[in-house]
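Have a look at the sequence and the 3D view before reading on.

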Amino acid sequence: MKKVFMVLFVFLVFVSCSTYSPQPNLPSTIRSIAVPIFINQTDKLNIEQYVTQKTIEEFLADGKVSILDEVKSDAVVKCTIYKYVLTPILFDVNQIPIQYRLRIYISLIFFDNKNQVQLWEEKSIWEETTYYVSNNLGMPVEDETIARNRVLDQIAKRIVARVI
């Protein structure tokens with residue numbers, strides 16, 4: 001009886017040590033990607049430039065695909081920034097905001113250039129952060145630009161993770 005429990009215990013330890021390997025999203029025929037400048041439907045100027053460049057940098061850092069122009073690439077990542085929401089979430093005694101939440105929404109399309117078909121679409125991807133504009137609570141003070149760049153960096157990483 002002890003041997004059965006010992007074998008079962010060793011088996012469970014062995015099984016619990018195995019790791020999960022996610023299946024790749026990227027078809028094996030796609031070796032190059034185009035990342036045209038994202039479409040910005042918000043009133044925040046030039047955020048599309050920043051997140052497009054960050055997304056290209058993330059793809060290059062990953063190294064699984066090369067970046068080419070739309071005509072020569074195997075696939076195209078098309079992104080639209082469609083919502084920018086800045087919400088005050090914490091106020092001081094005078095009802096002046098001291099903390100904000102920033103959330104940015106995008107839609108994403110992955111298009112196979114060789115076969116001229118859309119491989120997939122994500123209609124609502126979002127990332128967010130919070131930041132303090134006043135040091136009343138001992139937290140580091142940031143402005144909207146720093147918070148926005150942090151969210152756009154997160155979006156770029158998320159785009160690459162979704163594609164790859």
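Predicted model: local features only at pLDDT ≥ 70, side-chain atom pairs only at ≥ 80, totals over all residues.

**Inside: the core**

Which residues have the most contacts inside the largest nonpolar core? They are Ile33, Phe59, Phe110, Ile159 and Val163, and the core they belong to has 32 residues. Helix 3 gives the largest share, seven residues.

Now zoom in on Phe59. Leaving aside residues up to four places away in sequence, Phe59 touches Ile33, Val35, Val65, Ile67, Val77, Val160, Val163 and Ile164. Two of those partners, Ile33 and Val163, are also on the list of residues with the most contacts inside the core.

Most residues other than glycine have a negative phi. Gln95, though, has a positive phi, near 65°, and Gln116 has a positive one too, near 55°.

Where do these two sit? Gln95 is in the loop between strand 4 (75-91) and strand 5 (97-112), while Gln116 is in the loop between strand 5 and strand 6 (117-132). Are they buried or exposed? Gln95 counts as exposed because its relative accessible area is 57%, and exposed means over 50%. Gln116 is exposed as well, at 52%.

| Residue | Phi | Relative accessible area |
|---|---|---|
| Gln95 | near 65° | 57% |
| Gln116 | near 55° | 52% |

Definitions and conventions
Residues numbered from 1 in each chain as written. Heavy atoms only, no water. Helix = DSSP H or I, 4+ residues; strand = E, 2+ residues; numbered from the N terminus. Buried < 20%, exposed > 50% of the residue type's maximum accessible area, 1.4 Å probe, protein only. Core = buried A, V, L, I, M, F, W, Y, C linked by side-chain atoms within 4.5 Å. Contact = heavy atoms within 4.5 Å.
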